[in-house]
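User: Hi! Could you walk me through this one? I'd like to start with the ligand.
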Amino acid sequence: MKIGVVGLGFVGLVTAAVLSSDGFEVIGIDVDPEKIRKLKEGKVPIYEPELEKYIRRGNPEFSLDYTLLRSADLTFVSVPTPTVDRNIDLSFIFDAVGKISGITGSDIVIKSTVVPGTAKKIMDRIPNNVISNPEFLREGAAIHDTLHPDRVIIGGNNAELVERVWSFTGAPAIKTTNENAELIKYASNAFLATKISFINEIANLCEQIPETDVDTVATGMGLDRRIGSTFLKAGIGYGGSCFPKDTQALMSFADSFGQEMKIVRSATEVNESRIQRFLDRMGAFFENLSDLKVLQLGLSFKDNTNDSRESPALNLYYKLKDRVKQLTVYDPVSKVEGVDYCMDLEVGLKDKDAIVIATEWPEFKILEKMDVKIPIFDGRRILDPAKFKKYIGVGLYEQG
Ligand code: UDX
């Protein structure tokens, strides 16, 4: 089977890499000449563990030329669907499907996150059959998640070909309407965001009550199979290219029906208050923040990625920088222009008055093996509090 992939961002590149390495003939198309040039030279334009290996193994073709899609049996579309003025912007989708339909009459599979009704709107404009096949991969674990998804959601008519493509994963397939498939993606992301905000509120409570620790509470809750243990890690909030954008798009979409998503709104409000709460705790600990030299560990929105889009860590950096004397960041891979960096954690530690952990990179656990005397503010709860003289962690009561 020959497969086209239009839009070579995270989802598109990973899809192209995994399907080509599974034996499909894959043609990846993007409108960015620089990206295509790099890919043709064998360079991967994003940081994602294992992606380069899978691209090398599958060797998909990369091109700017949509006409190569003429021979494709089906084409996946994974272009961005940004939120503009609180609403989803579908212009990249309509542009891409218009171009594809000008070349081929074969099926188009929408991987991008789109609000319910979008596939039908596309089919009103073009003659091709449109199938909805939302993507649930996490950055930093994208190859793993594509090879081993919990489920495959396929919405629309004549879905057998798409089902066949993903059959190698062995995951259960749900075949349903386009609209259900589209909504399953939003409902899943909004639920996960809510789960995080829920535990973050419990963390706020734990910070007030001696002898409580949100991590222990989360472990105790998570063992109940009805609740589940994942996405119960308290911290400085969720970020990235999906949760903030998708919760916003879902609320606006619901609004258009006069339907308020109260729980999702509360989840976003809790999330937006995380950085201020963390700063308030730092402010309560030190008499004067403006005398401090601080080392911030982490800038990406989570570990195993260099992505800092909507990153709570980057947000924290901008807010903290104005309050302290000096703020230096160490992150294993994420770099943002204008941020003061050090290239080595140990060098960065010299002459500092405090450490802030902003991203859950496992390698920051090295601090447990060092004789750290300055206070640590653990915004991601990755360290063992017992290993430090002065440890202030999210969701942990601070002993005086
Ligand atoms: C998410 C969804 O998980 C994925 O299914 C969807 O396709 C895209 O959006 P991603 O944004 O890559 O994936 O990362 P994820 O691992 O979900 O983390 C999102 C944010 O939540 C990160 O900032 C992370 O630090 C935070 N998080 C996650 C928590 O604060 N606590 C948790 O328990 C889990």
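User: How far is a backbone N or O atom of K233 from an oxygen atom of the ligand?
Analyst: The distance is 2.9 Å for K233, and it counts as a polar contact, meaning a pair of N or O atoms within 3.5 Å. Bear in mind that this is a predicted model, where local features need pLDDT of at least 70, side-chain atom pairs count only at pLDDT 80 or more, and totals for chains, interfaces and linings use all residues. Residues are numbered from 1 along each chain as its sequence is written, and side-chain values use heavy atoms, with hydrogens and water left out.

User: Nice. What about E139 and L232, what distances do they have?
Analyst: A polar backbone atom of E139 sits 2.7 Å from a ligand oxygen. For a backbone N or O atom of L232, the distance to a ligand oxygen is 3.3 Å.

User: How many residues surround the ligand?
Analyst: There are 20, the closest being F136, E139, F301, K302 and E360; a residue is near if one of its heavy atoms lies within 4 Å.

User: Which helix gives the most to that shell?
Analyst: Helix α8, residues 178-206, with three residues. Helices here are DSSP runs (H or I, at least four residues), numbered from the N terminus.

How values were computed
A polar contact is a pair of N or O atoms within 3.5 Å; within protein, one must be able to donate a hydrogen and the other to accept it, and residues adjacent in sequence count only if both atoms are side-chain atoms. Helices (H or I, at least four residues) and strands (E, at least two) are DSSP runs, numbered from the N terminus.
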